[in-house]
Each structure stands twice: as structure tokens, then as C-alpha cells.
Amino acid sequence: MLVTLAEIFKDAKKGNYAVGAFNTPTFEAVRAVIAAAEEMNCPVILDHAEGHEWFTKIEDIGPVMLEYAKKAKVPVCCHLDHGVSPSMLWRAVRVGFPSVMYDCSVMPYEENIANVKEFVALAHKMGMTVEAELGKMPNKEAGTVDADGSVVEYKPEDLYTDPSEAARFCEETKCDALAISFGTVHGFYRTKPKLDTNVVAEVQKVIPENVGLVMHGGSGVSPEGFKSAINNGIRKINYYTYMATAPSKHIAEHIKNADDLVGFQIISNLGIKYMQENAMEAMKVFMNK
Ligand SMILES: [Zn+2]
């Protein structure tokens, strides 16, 4: 069944677990993640990232995500991931997504608040939930951060979310979910991520009860790292890179060992099988049992 983040967080808080948010830019990924969630009997979030628009438009994959969410045996939220432009947010609304992320984290603090606050007021009237982000997260290469295309040296602790800023941010914007920075990296990690889950605990203490904390960039994080983040208050974990690349070596091997040309339906099915397997491994950790 299709739900918002509010419903997802209510149960996750009660059960002290986190819900995986998986990017599903292909039909195969949608089927893999839904099958994984049903098999694990856990709620799940299907994400569409603005950054994936170059190869799948939300108008194409969104209705597929929504259809699979509605007929799933478990609660499923369809959510826009890293919505940056207002036009992208409105496209997600028109497609019928019950939830969006409005990422103004590269803007100055006050501007981030003003933008998110304005959109949350509209979204709540439509019964939708909104995720925002506070603090910066480096892309790809540890030691650098992509701010306006320039490369800046940083120490992980320079980028951590400030708890007092988070408290005022949630109070003013009324956001439903908040992505915070405590040492994770988007994409594949180059050096071991240095997590500080005390940051999570400190933020959790000062924000409203209904707000769910979000961890982006789980790449390279150990199961113990995830569990510590969850035990300190993380309720949504974005997960994509490892799942998306999980089928590659199996498909390459299958093609290499085949006697004849391999039909794409075989490749597609292998993609589903190994993405599902990988998503289930992640869900097992996120369920925190
Ligand atoms: Zn992210």
C-alpha cells in the first residue's frame, strides 16, 4: 500500500529500526526492491532522484513505482530524492508522489529554512511529506566537497550537522524528515567513512518527536555502523550504489559462459535477482533485529 513518510516513521520509531530508501530508476530495480520488501516483510521507500532524470524521467518511471507501491503487501512510500529545482518538485506532485525531498543544503542556512518552510506549507495541505537536508555531504572523493563545482578540502567534522541549527530548522520549516551529515559519503567510498553517531543522538534529542532523521550515503558503512546510527535515531537510510552494481559481475559471467547470444530478458532477470538479493541484505541490517 502507498503511504507517506509520516506513517513509515511512526512504526520505525516504535520498533527502533530504519527503513531503506532505494533508488529505482529502472523497471528491474522497482521489481527487485518490492520483491525484497515483501520477502522481508518490511516497509520500504522507492526513491526517484532528480539526478537520474538524464536517463529516466519521473513521468515514465513514477507511474510504475506508484503502481507497484499500491499493490504491494507492505507499506511503500514513493519519494523524490534530492529534488533541487522547484519545477522538479511540482513534477513529482503531478505524477502523484506522496513525498518529496527538497534539498537546499548548498544554500545558506536562512535561505534553506525559507525555501523549505514555504514548500512544506503547500505540501502539507496536499497531504504530502517533505524531507530537507542540513549540513553538507561530500560527493565521491573523500577529502573534497563539490560546492558549485569547486573542490574544497575538508575535515569530516567540519561538515557535521549542528544540533542547535537542526532544532530551529525543524521548528521553523515543519519538515517531516531531516537528512543530516555525520560522516557519510555519496557513491563509492575511497577512504573509510568516519561516522560520528553522537551527532545523530544530539540532533535526535532536540528535534520534534515526529521528525525522522535520514542517513544519506551508506556506501562503505559496516553493519555495526548502520546499527549504531539506527540506535541513535536514524529512521531512513538511502541506499543505492551497491545494489545497482551488484548484478554486473554475474551478468558478465553469464554472457561469457553462454554458448549463444544472450537475450536481454535473461539479463533483465539476472538484474532483478541480484539487486533483490542485495536489497534484502541491506534490509536485514536496517530492520535492526
Ligand atoms: Zn543523498
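The model is predicted, so local features need pLDDT of at least 70 and side-chain atom pairs count only at pLDDT 80 or more, while totals for chains, interfaces and linings use all residues. Residues are numbered from 1 along each chain as its sequence is written, and side-chain values use heavy atoms, with hydrogens and water left out.

His216 is located in the loop between β9 (212-215) and α9 (223-231). Helices (H or I, at least four residues) and strands (E, at least two) are DSSP runs, numbered from the N terminus.

Next, show the side chain of His82 together with that of His216. The two side chains make a polar contact at 2.9 Å. Such a contact is a pair of N or O atoms within 3.5 Å; within protein, one must be able to donate a hydrogen and the other to accept it, and residues adjacent in sequence count only if both atoms are side-chain atoms.

His82 belongs to strand β3 and, at 16% relative accessibility, counts as buried. Its phi is near 50°, a positive value in a residue other than glycine. Most residues other than glycine have a negative phi.

The UniProt record, an unreviewed entry, places the feature "binding site" at His82, His186 and His216. These residues are spread over 135 residues of sequence, yet they cluster in space, with a largest C-alpha distance of 11.9 Å. UniProt positions follow the numbering used here, feature names are shortened, and annotations may be inferred rather than shown by experiment.

Move on to helix α3, residues 58-71. Its 14 residues reach 19 Å from the first C-alpha to the last, close to the 20 Å expected at 1.5 Å a residue; the expected span is 1.5 Å times one less than the number of residues. Colour Ile58, Ile61, Gly62, Met65, Leu66, Tyr68 and Ala69, which are buried. Seen down the axis of α3, the buried residues fall within an arc of 165°, so they line one face of the helix; the arc is that of the directions from the helix axis to the C-beta atoms. On the other side, Asp60, Lys70 and Lys71 are exposed.

Notes
Buried means under 20% relative accessible area, exposed over 50%, partly exposed in between (1.4 Å probe, protein chains only).
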